[in-house]
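Here are some notes for a colleague who is opening this structure without having seen it before. They go through the chain as a whole and then turn to particular places in it.

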Amino acid sequence: MTLSDTQSTGSTADRARTVQDFARSELFDRTFREGMELVEETAAYLDGEGRRDSKMLSRAAALAYAAESMKLTTRLMQIASWLLVQRAVRENDMTPEAACEPRYRLNDRRIEAEPSHAELPIALVEYLVRSEKLFERALYLDRRMYLDAQEETPVNPVLSQLGMLEAAFKG
């Protein structure tokens, strides 16, 4: 094992520890509870009151409603998936190292935050705003745990050179 191998193993272990610490934290509990409650509330709204509201809209507003509800459900499914990965780490159903894989990261692609039509029901707009705030918080946590941890370990040029020298003289 070279010096650079030891350095990268250390940073991976630190990141895994950070992920596991978050999964066991009160912050995770609150975020998970809030996220799952928002998913349930939104589903109930879209299946009930929201469906009735959408039938009273003009054609243009009804199209905007359909588009906004798709954005909303997509955003909520991304949040729920991310939260479920964190819970899997907490319950030892997934290793923190596996949770670090890029396929489990939140997509940084921005969904248009402004409602696309002035006639949209206020309840839908409120769900859009709440989901955007929760997504931003989850994205911030995701970046802090998974990406910032990688950037915090700067490459030490001396250790890097020593590692290359060690590798050159080994063979």
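1. Two residues are counted as being in contact when heavy atoms of theirs lie within 4.5 Å. With that in mind, consider the contacts in the chain between residues at least 6 apart in sequence: 84% of them join residues at least 24 apart. The model is a predicted one, and the remarks below should be read as describing that prediction.

2. The chain contains seven helices and zero strands, so that its elements, read from the N terminus, run α-α-α-α-α-α-α. Of the 171 residues in the chain, 39% are buried. The accessible surface comes to about 10,300 Å², and carbon and sulfur atoms account for 56% of that area.

3. Helix 4, with 32 residues, reaches 46 Å from its first C-alpha to its last, which is close to the expected 46 Å.

4. Which residues have the most contacts inside the largest nonpolar core? They are Trp82 and Leu124, in a core that has 39 residues. The elements giving two or more residues to this core are helix 1 (3-23), helix 2 (26-47), helix 4 (59-90) and helix 6 (122-152). Leu124, once its neighbours within four places in sequence are left aside, is in contact with Tyr45, Leu46, Tyr65, Glu68 and Leu72.

5. Four aromatic pairs are found when the whole structure is searched. One of these joins Phe22 and Trp82 in a tilted arrangement, with 6.0 Å from centre to centre and 40 degrees between the planes. Because Phe22 lies in helix 1 and Trp82 in helix 4, this pair ties together parts that are 60 residues apart in sequence. Both Phe22 and Trp82 are buried, and together with Phe28 and Phe32 they form one aromatic cluster.

6. Tyr45 and Tyr127 also form a tilted pair, for which the centres are 5.3 Å apart and the planes stand at 40 degrees. Here too distant parts of the chain are linked, since Tyr45 is in helix 2 and Tyr127 in helix 6, 82 residues apart. Both Tyr45 and Tyr127 are buried. A further ring deserves a look in the viewer: Arg105 lies over the face of Tyr146, at 3.3 Å from the ring centre.

7. Leaving out residues up to four places away in sequence, Val19 touches Gln86, Val89, Pro96, Ala99, Cys100, Met145 and Tyr146. As for Cys100, 81 residues from Val19 along the chain, the C-alpha atoms of the two are separated by 8.2 Å.

8. Helix 2 has several buried residues, namely Phe28, Thr31, Phe32, Gly35, Met36, Leu38, Thr42, Tyr45 and Leu46. Arg33, which also has its place in helix 2, counts as partly exposed because its relative accessibility is 42%. Although Arg33 and Leu83 are 50 residues apart in sequence, they are 9.5 Å apart in space, C-alpha to C-alpha.

9. Arg87 lies in helix 4 and, with 33% relative accessibility, counts as partly exposed.

10. Helix 4 is followed by Asn92, which has a positive phi, near 60 degrees, although Asn92 is not a glycine. This residue belongs to the loop between helix 4 and helix 5 (96-99). Asn92 is exposed, because its relative accessible area is 57% and the cut-off for exposed is over 50%.

Terms used:
Residues numbered from 1 in each chain as written. Predicted model: local features only at pLDDT ≥ 70, side-chain atom pairs only at ≥ 80, totals over all residues. Heavy atoms only, no water. Core = buried A, V, L, I, M, F, W, Y, C linked by side-chain atoms within 4.5 Å. Buried < 20%, exposed > 50% of the residue type's maximum accessible area, 1.4 Å probe, protein only. Helix = DSSP H or I, 4+ residues; strand = E, 2+ residues; numbered from the N terminus. Phe/Tyr/Trp six-rings, centres within 6.5 Å; stacked < 30°, edge-to-face > 60°. Lys NZ or Arg CZ within 6 Å of the ring centre and 35° of its normal. Expected span 1.5 Å × (residues − 1). Areas by Shrake-Rupley, 256 points an atom, 1.4 Å probe, with all protein chains shown as cover.
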